[in-house]
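Please open the structure in a viewer and keep the selection panel at hand.

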Amino acid sequence: MNVANMAAALFAPSTLKSVLYNDTPAPHEKLIEALRVELDLSTSSTLSETINKTYSILRREGNRTDYVYRNAIIDKVVIGRHSINTATPIQEFRVGSSLADLVVLNGTSTVYEIKSERDTLRRLASQIKNYAKVFERTYVVTSASKAQGLERDLPEHVGIITLSRDYTLQTVREATTDWDLIDPIAISHTMTIPEACAALEHLDIPAPNVPNMLIRRALDETFKGLGAQVCSRAFISTVKISRKPRVTQANITRVPRPLRSFAVSHLQKADELTMILQRLGTTPTQSKEGL
């Protein structure tokens, strides 16, 4: 396995969870040891040093996985430009038959579909069609090498962002909102039944009083009568709260930049952050001894 593939393996969410949450030697200990050798790190290097140097390999153009793109958006846009206290990022958000890479709910609803150097564009057309029914703005985030073809082929309302060679996000084309494409029933289906009922209550509309087996059909009928903008506002207000990350802006800025996407999805409380920061400061010997 070459070093780029090893780096990709380390930043798989399941690997990071094992590495950062286990007090005993993780099943991925051999991977970390191999990376230390490949990266010429000393035996006294901390886990944080290993992760940072591994990420510097993974973020190079040609090596990037979806994690790198998602992490860049969360770090530079959600945390850097906005605040996680006011903007809600949701990773892997189900929309019809598609799974959106990242959704951000702030004053508006924005979906970011990532197409890294390693991805194909085979499903992109159907993904864009699904997202246009639900979100006010759709962006495809990709490499500079793919952007030119996408700018020609994507619908005009879809924005394009590139992750440049020097790891900056550059907007090639701004996204616009086409309210004619937004479908209130599709918005309803992205929410759980309690969320859909809460969205109606936000509009002072009572939730359908029907048996559980009929509730989804009754919700469809109610949402069908709502305007696209009204429905979108209720969706944002509801889901922004119901799926808000547990981590705060003050806490997430303490997390090393390569791990912020992971932390947004997995950190549940402050003592977990303390535990992870302690683990990041350990050396291989300390890790084996369980701190």
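Helices (H or I, at least four residues) and strands (E, at least two) are DSSP runs, numbered from the N terminus. The model is predicted, so local features need pLDDT of at least 70 and side-chain atom pairs count only at pLDDT 80 or more, whereas totals for chains, interfaces and linings use all residues. Residues are numbered from 1 along each chain as its sequence is written, and side-chain values use heavy atoms, with hydrogens and water left out.

**Pockets**

On a 1 Å grid over the protein atoms alone, a pocket is an open set of points with protein on both sides within 12 Å along at least five of seven lines, and a cavity is a set of points where a 1.4 Å probe fits but cannot get out; lining residues have an atom within 4 Å of a point. Grid points are joined across faces, edges and corners, and a volume is the space filled by probe spheres set on the points.

Select Ile-90, Gln-91, Val-264, Ser-265 and His-266, which lie nearest the centre of the largest pocket among its 20 lining residues. Helix H5 (66-79), strand E1 (88-95) and helix H13 (260-266) are the elements that give two or more residues to this lining. The largest pocket holds about 400 Å³ of space.

Next, select Val-77, Arg-81, Tyr-112, Arg-137 and Tyr-139, nearest the centre of the second largest pocket, which has 16 lining residues. Its volume is about 240 Å³. At least two lining residues come from each of H5, strand E3 (109-115), strand E4 (137-142) and strand E6 (169-173), and E6 supplies the largest share, 3 residues. The lining comprises 7 nonpolar, 6 polar and 3 charged residues (nonpolar: Ala, Val, Leu, Ile, Met, Phe, Trp, Tyr, Cys and Pro; charged: Asp, Glu, Lys and Arg; polar: the others, Gly among them).

**A cavity**

There are 3 cavities of 30 Å³ or more.

**Salt bridges**

A salt bridge is a side-chain nitrogen of Lys or Arg within 4 Å of a carboxyl oxygen of Asp or Glu. How many does the structure hold? The count is 9 salt bridges.

Select Arg-260 and Asp-75, whose side chains meet at 2.6 Å, N to O. Arg-260 lies in helix H13 and Asp-75 in helix H5, so this pair ties together parts 185 residues apart in sequence. Arg-260 is buried at 7% relative accessibility, and Asp-75 is buried at 5% (buried: under 20% relative accessible area; exposed: over 50%; partly exposed: in between; 1.4 Å probe, protein chains only).

Move to Lys-115 and Glu-113, a salt bridge with its closest N and O atoms 3.6 Å apart. Lys-115 is buried, with a relative accessible area of 3%, and Glu-113 is also buried at 3%.

Then select Arg-243 and Glu-195, which form a salt bridge at 2.8 Å, N to O. Arg-243 lies in the loop between helix H11 (228-242) and helix H12 (249-252) and Glu-195 in helix H9, so the pair ties together parts 48 residues apart in sequence. Arg-243 is partly exposed at 27%, whereas Glu-195 is buried at 8%.

**A last stop**

Finally, select Ile-160 in strand E5 (residues 158-163). Is this residue buried or exposed? Ile-160 is buried, with a relative accessible area of 0%.
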